[in-house]
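Hello,

Here is the structure I promised to pass on to you. Please have a look at it first, and then read on for what turned up.

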Amino acid sequence: MKNLMKNRIVLGLICIILSLVICFGLTPMFNDALKSKVSIVRVSTDIRKGDQITEKMLTTVEVGGYNLPSGVIHNVEDVVGKYANSDLYQGDYILGSKLSDTPMLKNAYLSRLNGENRAVSITIRSFAAGLSGKLEAGDIVTLIASGAGEMRETIAPAELQYVEIIAVTASSGTDQNVQAAGNDGTEQELASAITVLASPEQARLLVELEQTGGLHAALVYRGDSVQAQKFLEEQQLILKELEEEKAQEEMPGESVAETEEKPIIDDAGIETGGQ
């Protein structure tokens, strides 16, 4: 019984000591951490991927030092002159992982060309032809030709059922993603051309349709790249089938002379009959 009482007393003393340590030791330290302020660099205006960062794009603010993300930049000097690896928006912290010392390759999407496909641009002749300015890089579209050929027909060639857009370009030559209002309230330029990834046969057809009629883009899919690839694989199957059909049509058949009865000539050179 005495041992049990002693154990309870010891346990009680330990609890009291722990509570004192928490109240007068850990809690003040935690509060101090919450109250401590540190200077960090924030974005004061939207920065696009690939842009070189200037001092005007940045601001320094004091925030609570507790639970800040690792790699956050504290000094403006560590950011100015570097390039953004991703889009940065007003109010964002700047992390070291989002910065690069070297400029990004301009028109990086052209580095996807491997000798098998071609990058070819086609003109957007009207607001409606470009999906009212809503086309984006990565979209899968069907290209429909209007006023094509001597008959001025509207056709949707099987070769152009699923085509990937790799760039949307304004008349100034600037690539853009969407038609939207600029930061200063002015409206961005409308897209005047789209660049698509095409096989040699598709590129030839696109150039022909560009010269003989107008092309309209009908959006098929926008979203996950894995799903988009399935549409492109389906287009490859269509192209392969068309190529096989064309090869069969071009195979030489038996000539009329080969189907007629051939006369038999004897050793004296006299015709004796036909087979």
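Let me begin with a question: is Asp 139 buried or exposed? Asp 139 is buried, with a relative accessible area of 1%. Please keep in mind that this is a predicted model.

Asp 139 has a charged partner. Arg 222 forms a salt bridge with Asp 139, and their closest N and O atoms are 2.7 Å apart. The two belong to distant parts of the chain: Arg 222 sits in the loop between strand 11 and helix 3, while Asp 139 sits in the loop between strand 5 and strand 6, 83 residues apart. Arg 222 also meets the side chain of Glu 136 in a salt bridge, at 3.6 Å from N to O. Glu 136 is in the loop between strand 5 and strand 6 and Arg 222 in the loop between strand 11 and helix 3, so this pair ties together parts that are 86 residues apart in sequence. Through shared partners, the salt bridges join Glu 136, Asp 139 and Arg 222 into one network.

The whole structure has six salt bridges. Another one of them pairs Asp 101 with Lys 82, with 3.5 Å between the closest N and O atoms. Asp 101 lies in the loop between strand 4 and strand 5 (118-123), and Lys 82 in the loop between strand 2 (58-64) and strand 3 (83-84), 19 residues apart. Asp 101 is exposed, with a relative accessible area of 60%, whereas Lys 82 is partly exposed at 28%. Lys 82 also touches Ser 100, a residue of strand 4 (residues 99-100) that is buried, at 16% relative accessible area.

Now to helix 3. This helix covers residues 225-250, 26 residues in total, and reaches 37 Å from its first C-alpha to its last, close to the 38 Å expected. Asp 224 caps the N-terminal end of helix 3, with a side-chain oxygen 3.1 Å from the backbone nitrogen of Val 226. The buried residues of the helix are Ala 228, Phe 231, Leu 232, Gln 235, Ile 238 and Leu 239. Their cover includes strand 6 (140-148), strand 8 (163-170), helix 2 (200-212) and strand 11 (214-221).

Phe 231 turns up again among the aromatic residues. There are two aromatic pairs. The rings of Tyr 162 and Phe 231 have centres 5.3 Å apart and planes at 55°, so this pair is tilted. Tyr 162 comes from the loop between strand 7 (153-155) and strand 8, and Phe 231 from helix 3, 69 residues apart. Tyr 162, Tyr 221 and Phe 231 form one aromatic cluster.

One more place to look is Arg 42 in strand 1 (residues 37-43). Arg 42 counts as partly exposed, at 26% relative accessibility. Its C-alpha is 5.6 Å from that of Asp 92, although 50 residues separate them along the chain. Beyond its sequence neighbours, Arg 42 is in contact with residues including Met 57, Thr 59, Gly 91 and Tyr 93.

Finally, the overall picture. The chain has four helices and 13 strands, and 25% of its 275 residues count as buried. Residues 24 or more positions apart account for 64% of the contacts with a separation of 6 or more.

Best wishes

Definitions and conventions: Residues are numbered from 1 along each chain as its sequence is written. This is a predicted model: local features need pLDDT of at least 70, side-chain atom pairs count only at pLDDT 80 or more; totals for chains, interfaces and linings use all residues. Side-chain values use heavy atoms; hydrogens and water are left out. The expected span of a helix is 1.5 Å times one less than its number of residues. Buried means under 20% relative accessible area, exposed over 50%, partly exposed in between (1.4 Å probe, protein chains only). Contact means heavy atoms within 4.5 Å. A polar contact is a pair of N or O atoms within 3.5 Å; within protein, one must be able to donate a hydrogen and the other to accept it, and residues adjacent in sequence count only if both atoms are side-chain atoms. Rings of Phe, Tyr and Trp (its six-membered ring) pair if their centres lie within 6.5 Å; planes under 30 degrees apart count as stacked, over 60 as edge-to-face and the rest as tilted. A salt bridge is a side-chain nitrogen of Lys or Arg within 4 Å of a carboxyl oxygen of Asp or Glu. Lists of a residue's contacts leave out its neighbours within four places in sequence.
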